[in-house]
Amino acid sequence: MDDGGPVDIGAWLAEQESFEPPESFVEGANVSDPDIYDEFAERWPECWERAAELLTWDRPWDRVLDESDAPTYRWFTGGRLNAAYNCVDRHVEAGRKNRAALRWIGKRGETETHTYGDLKRETEAFAAALLELGVEEDDVVTLYLPMIPELPIAMLACARIGAPHSVVFAGFSASALETRMERSGAEYLVTCDGYYRRGDALNHKGKADRAVRRIDRDIETVVVDRLGGGLPHSLSENQHDYDDLVERNRSNVVEPVVRDAEDDLFVMYTSGTTGEPKAVRHTTGGYLSHAAWTSHAVLDVKPADTYWCSADIGWITGHSYIVYGPLALGTTTIIYEETPDYPEKTRIWELIQRYDVNVFYTAPTAIRAFMKWGSEHPQGYDLSSLRLLGTVGEPINPKAWKWYYKHVGGEECPIVDTWWQAETGGMMITTLPAIGEMKPGSAGPPLPGISANVVDEAGEEVAPGEAGFLTVDKPWPGMLRGLASGDGERFVSEYWEAYSDPDADEWVYFPEDGAKIDEDGYITLLGRVDDVISVGDARIGTMELESAVVGVEGVAEAAVTGAGGTLIVYASTEQGYTGDAILGEAVEAAIERSIGEVAIPDHIVFTPELPKTRSGKIMRRLLEGIATGEELGDISALRNPEIVGELRARLSGDT
Ligand code: WTA
């Protein structure tokens, strides 16, 4: 996908394969001593104290790492702290109460600034409100909210009283919310009346109500009034108005609950291979240390910065790098409600200029869109406040990397291509921006203190340049502590079984990503090797998606691919049905109902049959090749090779 196209990145830049960190950046960087790699290697696991020391602890830890229950590792055991205190109160106590914590940008013209002082009052009042509703320490609170200030406020209010939150992405459907609430056993829900997408008011409460109605227990629901009466709604029994609750509790004092380092901070649902969403557990001490440390060392965030991560808080990227990491460091973090091209394709650049954004962190899918819209858009703005750029979520191709480097960074900002997952809690593989040479397309070496390898099926390290599987053979502080369901067997089988030797108590984490490594130890990610599609912030299980499609009358079989950041559904039709626009709409509606608009595909390709092996298996890899236009090689294993040309023709004819 990296050839052709009249994209302006300059001839010399197009050829260059590696880039040194710009001098101007290195001078002021948070971490610039290359010895950090050796230091961390020699002092492992104590090296991770450097991360924990960024936080304020009520009681220091006794031990950095307890491996006695591997692969459930414990970090900073005996330590006690509160995450909300670390993200809010301590900055107020340090005399920074007037510093902006959240800068929210809603519909055009709509903005809010919440200082650290405001944030303390707001989280304390909402924490008091949650207590009034009956929330107790360790109760799970589901937050089904879009990108509005009440989302981080509610997260921090939960953290303040030691109630783990479970944020469900607002783009998910009622049925996806229902499954997640059923699984987590949550009895509390915070949601809102609606929110804006491309200027239109969307009804959000309707989805929340549908989910709650289907759950067989009482749910106390708090409803934020986002639209100011734009979509009138009424509150039924067990439903409470956010503003009323907060007003009533405005002057109540709620001291942050002192939590054990290993107590849960939140759970996060993520797609897995079986089609069943699973929740991973993240803890207070290890997770927050990891998020804060990587925000400091990799994103180079400083308290005086304005920092913008364009992800949605509903995904892990937003948890770690819009809320917890940046706020732990006391910086100003931007929360942007709308889409990047609304109302104009210059929106992002206009905001970077207006707010003097210093660090910008986004996903390759957004960068590809910016590139497609044209370099004249960023060029029309003064982006010189930018110091560092980041990317996350999927592999970035060198062309998009170089475009980002030139047209957004003005060739003066390092780019960190950060590999990590919901399960890892924070960044794992990336260059350190003032130290490592950057190689477009390659994330870089594992961070100091992280031990990652690329191995073959047997677990042997592969030679440089050869494709293999990524593994991580030492624990790290931000790692998941297990599944919220408590299913220890599934935890081991999903993440550890493939390359571990339990008899020898040797545990190797398997992230299910393909990768290769070069002579310098730089790792290039090749995409997921399981049935999960990662596109931008979203992570969607192919099984969930395919079963939604197959549920549509007239569809016989379905297969989905996500190569190159494009979501494609291939569906074969039943006898008597044609793959027309009406069936296409039915497929979209089914996906929206069962998962949400986030999973609506870029293309739907109907076909009389799907490519299958002689043993009857759908060849998904081949479909990926068709989507990316790659050479398919030997297709003799196919029972119906003629279908390949047919699918190619249909895909290119599809708009
Ligand atoms: C993919 C998002 C290549 C990868 C933080 C991983 C990446 C999955 C990168 C996790 C990157 C994330 N380069 N691939 N820099 N970052 N991925 O859990 O396949 O939503 O396993 O976490 O995204 O997705 P998740």
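UniProt positions are given in the numbering used here, feature names are shortened, and annotations may be inferred rather than shown by experiment. The structure is a predicted model, in which local features need pLDDT of at least 70 and side-chain atom pairs count only at pLDDT 80 or more, while totals for chains, interfaces and linings use all residues. Residues are numbered from 1 along each chain as its sequence is written, and side-chain values use heavy atoms, with hydrogens and water left out.

Figure 1. An unreviewed UniProt entry places the feature "domain: Acetyl-coenzyme A synthetase N-terminal" at residues 35-87. Over residues 35-87 the chain is 30% helix and 19% strand, where helices (H or I, at least four residues) and strands (E, at least two) are DSSP runs numbered from the N terminus. The end C-alpha atoms of this stretch are 30 Å apart.

**Figure 2. The protein chain as a whole.** The secondary structure comes to 21 helices and 29 strands. The radius of gyration (taken over C-alpha atoms) is 24 Å, close to the 26 Å that the globule rule (2.2 Å times the number of residues to the power 0.38) gives for 655 residues, so the protein chain is as compact as a globular protein of that length. The C-alpha trace spans about 70 × 60 × 60 Å along its principal axes. Of the 655 residues, 60% are buried, with buried meaning under 20% relative accessible area (1.4 Å probe, protein chains only). Contact means heavy atoms within 4.5 Å; among contacts between residues at least 6 apart in sequence, 72% join residues at least 24 apart.

**Figure 3. An open sheet of seven strands.** The strand order is β5-β4-β17-β16-β18-β19-β20, with mixed pairing; two strands pair if DSSP finds at least two bridges between them. At the edges lie β5 (111-115) and β20 (415-418), each of which pairs on one side only. From one strand to the next, the twist averages 20°. Strand β19 (residues 388-392) pairs with β20 in the parallel sense over four bridges, and Thr391 stands opposite Asp417 in β20. Helix α6 (residues 116-133) lies across β4 (100-105) and β5, and runs at about 85° to β5. Axes are lines fitted to C-alpha atoms, for helices over the stretch in contact, and angles run from 0 to 180 degrees between N-to-C directions.

Figure 4. Strand β6 (residues 141-143) pairs with β8 in the parallel sense over three bridges, with Val141 opposite Tyr188. Strand β11 (residues 220-224) also pairs with β8 in the parallel sense, over five bridges, and here Val190 stands opposite Val222.

**Figure 5. Helix α13 and the residue after it.** Helix α13 (residues 347-355) is mostly covered, seven of its nine residues being buried. These buried residues are Arg347, Ile348, Trp349, Glu350, Leu351, Ile352 and Tyr355. Asp356 follows α13 and has a positive phi, near 50°.

Figure 6. The feature "domain: AMP-binding enzyme C-terminal" is placed by UniProt (unreviewed entry) at residues 544-617. Over this stretch the chain is 28% helix and 24% strand, and the end C-alpha atoms are 18 Å apart.

Terms used:
Buried means under 20% relative accessible area, exposed over 50%, partly exposed in between (1.4 Å probe, protein chains only).
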